[in-house]
Amino acid sequence: MKRTLLTILSLLISFYTQAMSELEFVERLQNTHPFFEQLDLSLQIKQVEKQGSIAGQDWVVGVDAKHKNEDTEHISSITSYNDLTTTTLDVSATKKLFDSGSDVTLKHTWKEKNKDINTTRNKFSLDYTYPLLLNKGGINDRLDTDLASIDIQTSLLDKQEQVENFILEKLKKFVDLAYAQERQLINEQRLSLADQELKLVKNKFAASVVDRVDVLLQEDAYQSAKQQRLQAQQDLLLLRHEIAIILDIDVNKAVAEFDLYKPYKLSGNNLKQYLLLNARVLKITDLNKNTLQRQLKSFKNESQAQLDLSLGLVSEGESVNHSDSLNNQSPTWNIGLGLSYPIGGTKSKSNVEKTQIKLTQLRAKKQEQFLNIHTQATLFKEKTKLLLQMLASNKVQINIAKSRTAEERDRYTNGNGEASFVISAQNNEQNAQLGYAQTAQKYQKSVLEYKATVDQLVQ
């Protein structure tokens, strides 16, 4: 028995020398796995797209240069000159203001005529257009930017959702690793006990205390324990290799420091209200609703008439030379209204009706999502409660199995029992311990699934 304890102790030391906790596992996963980098880059793309959505507000500068030479020698209606050369240069800058939906245009025109007529003209103008109905307040100009902002918020929540689901699956592997370690320890202990029992039986057989059949039974029990230990070693080794590759670490460091039997007190007394306020999938649906509502505003606005207020200021001067044309300016201002209306408005009406149907559809979807997550969370919570009761029952079963093993061993030692009964009791004890570990594995996974369902696994 002393040798058994030493064997198990050395195995524990080899396991936990470089073991990692659950928190260290998650941190290592987030720092090394390319999945997280992909999510970050996807979010960056959304942010760049938002920047691109305001490109319509950039100043647009234009330059237009023309040179025209006229030969009017054979045109009888023109008598004042025979030919004319005109050089024109237009420089303009236009900007759209999304906050108001208005347009501003600054323009300078320089025109020079020479040969028979020598004049230079400089014209400066400022034009401003303000929408009074269609696109009032820039509601349509800002659509892409507003939708991009909502999309970024949605992407942030979606990123958290994907991260949580990914970490959930990997943490299940971590729990599997802890269970595989526990299973190997149980099988190591069983093999060590079987080896001791085999040596005792052989000694008794040599002393003619037991029959040959007892030796054969114990040898079979030893081989069975050895096979189970080898199977446990194989499962553990494969799992450690898988986790080592995922975390980009040496396989010897793929060891879990995790209490498989640790109980948890799960939050969520008023689970229904908590999910309504905090469930991430419902928040994403609300953002999708915001997107449709924002589109609906623009679709309704597009059905209105285009009524624009126009304001203009012009300063123009003309002279035989450039400087005089700049100094002698004549100002002019103008104000006007422009009205146009699409009869029928078929497209805008169709867009409004379609969006309203989508909003109704989205409300039904949100109700379905809530029913699903409420059901899942409730089932996982109840499952963890039942598994805790099973763990308590497993502990009682282990104690009973140990007592039975001790009883059968005493009876066999005193010559009142059979070796098969001892072996059966030992196997029953091992099975009880493995059952306890398996129930603990299911319990820990159920806790993780509950936390993920109520969005508490990744904060």
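I looked up the aromatic cluster and found Phe25, Phe174 and Phe258 in one. I counted rings of Phe, Tyr and Trp (its six-membered ring) as paired if their centres lie within 6.5 Å, with planes under 30 degrees apart as stacked, over 60 as edge-to-face and the rest as tilted. The model is predicted, so I noted the limits: local features need pLDDT of at least 70, side-chain atom pairs count only at pLDDT 80 or more, and totals for chains, interfaces and linings use all residues. Residues are numbered from 1 along each chain as its sequence is written, and side-chain values use heavy atoms, with hydrogens and water left out.

The structure holds seven aromatic pairs. Phenylalanine 25 and phenylalanine 174 make a tilted one, 4.8 Å centre to centre with 35° between the planes. I placed phenylalanine 25 in helix α2 (residues 22–32) and phenylalanine 174 in helix α4 (residues 143–206), 149 residues apart. Helices here are DSSP runs (H or I, at least four residues), numbered from the N terminus. Both phenylalanine 25 and phenylalanine 174 are buried, meaning under 20% relative accessible area (1.4 Å probe, protein chains only).

Next I checked phenylalanine 36 and phenylalanine 166: the ring centres are 5.5 Å apart and the planes are at 90°, so the pair is edge-to-face. Phenylalanine 36 sits in helix α3 (residues 34–53) and phenylalanine 166 in helix α4, 130 residues apart. Both phenylalanine 36 and phenylalanine 166 are buried.

Last, I looked at a charge over a ring (NZ of Lys or CZ of Arg within 6 Å of the ring centre and within 35 degrees of the ring normal). Arginine 212 lies over the face of phenylalanine 205, 5.9 Å from the ring centre.

Note on methods. Helix = DSSP H or I, 4+ residues; strand = E, 2+ residues; numbered from the N terminus. Buried < 20%, exposed > 50% of the residue type's maximum accessible area, 1.4 Å probe, protein only.
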